[in-house]
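Student: I am new to this structure, and I would like to look at it with you. Could we go through a few parts of it together?

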Amino acid sequence: MPATRTLAAMTHAPAIATLGELKAAGYEYKTVREELRDNLLAKLKAGENPWPGLHGLEHTVLPQVERAIIAGHDIVLLGERGQGKTRLLRTLPLLLDDFVPAVAGSELREHPLHPILDATKRRIDEEGDTLPITWIPRDAATRRSWPPRTPRWRTSSATWTRCAWLRAAAWATRRPSTTG
């Protein structure tokens with residue numbers, strides 16, 4: 001791996017397996033904003049289209065989004081239905097790195113150079129450079145983590161009854177007892 005991470009498209013996770021190897025490779029922690037900015041600039045410099053699948057926004061919306069990402073600003077998308085807001089947001093993960101390191105066994109899949117939990121910080125202190133790391137592919141890091149909503153017209157009355165019973169049972173177990 002080069003001294004710093006690059007946008008080079010990787011099809012396989014890097015062979016780096018410990019925190020010491022990660023540090024020796026010169027890997028630097030970047031925030032998501034920095035990562036988006038660096039990868040956008042690299043794509044623009046290489047002449048690549050950073051927004052595949054978005055058509056008709058090249059002269060209006062995309063230059064403003066690019067300026068906002070480069071400047072590190074927050075972005076708020078407003079508009080009528082069907083104007084491509086969701087489509088634009090779904091292309092943003094393509095500007096993230098292909099693989100991101102994480103502490104092996106961490107519940108939050110924390111970055112080894114920027115841990116969050118005290119338990120992970122202690123583990124890094126104890127294991128030092130021998131701490132094992134894993135690589136999370138971009139698709140797994142940005143995957144939707146909840147099931148899609150079921151339309152009401154597809155839900156049977158038995159399901160509604162069962163859900164109502166479960167809600168009532170849950171409510172009954174949460175209420176404090178009024179008997180002595």
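**A guided look**

Tutor: Gladly! T120 is buried, its relative accessible area being 6%, where buried means under 20%, exposed over 50% and partly exposed in between, with a 1.4 Å probe and protein chains only. This is a predicted model: local features need pLDDT of at least 70, side-chain atom pairs count only at pLDDT 80 or more, and totals for chains, interfaces and linings use all residues. Residues are numbered from 1 along each chain as its sequence is written, and side-chain values use heavy atoms, leaving out hydrogens and water.

Student: Which residues is T120 in contact with, leaving aside its neighbours within four places in sequence?

Tutor: Contact means heavy atoms within 4.5 Å. With those neighbours set aside, T120 touches V103, S106, E110 and P115.

Student: Where do the buried residues of α2 fall, seen down its axis?

Tutor: Helices are DSSP runs of H or I with at least four residues, strands are E runs of at least two, and both are numbered from the N terminus. In α2, the buried residues are E35, L36, N39, L40 and K43. The arc, taken from the directions from the helix axis to the C-beta atoms, is 125° for these residues, so they line one face of the helix.

Student: And what do the buried residues of α2 pack against?

Tutor: Helix α2 covers residues 32-46. Its buried residues pack against α3 (61-71).

Terms used. Expected span 1.5 Å × (residues − 1).
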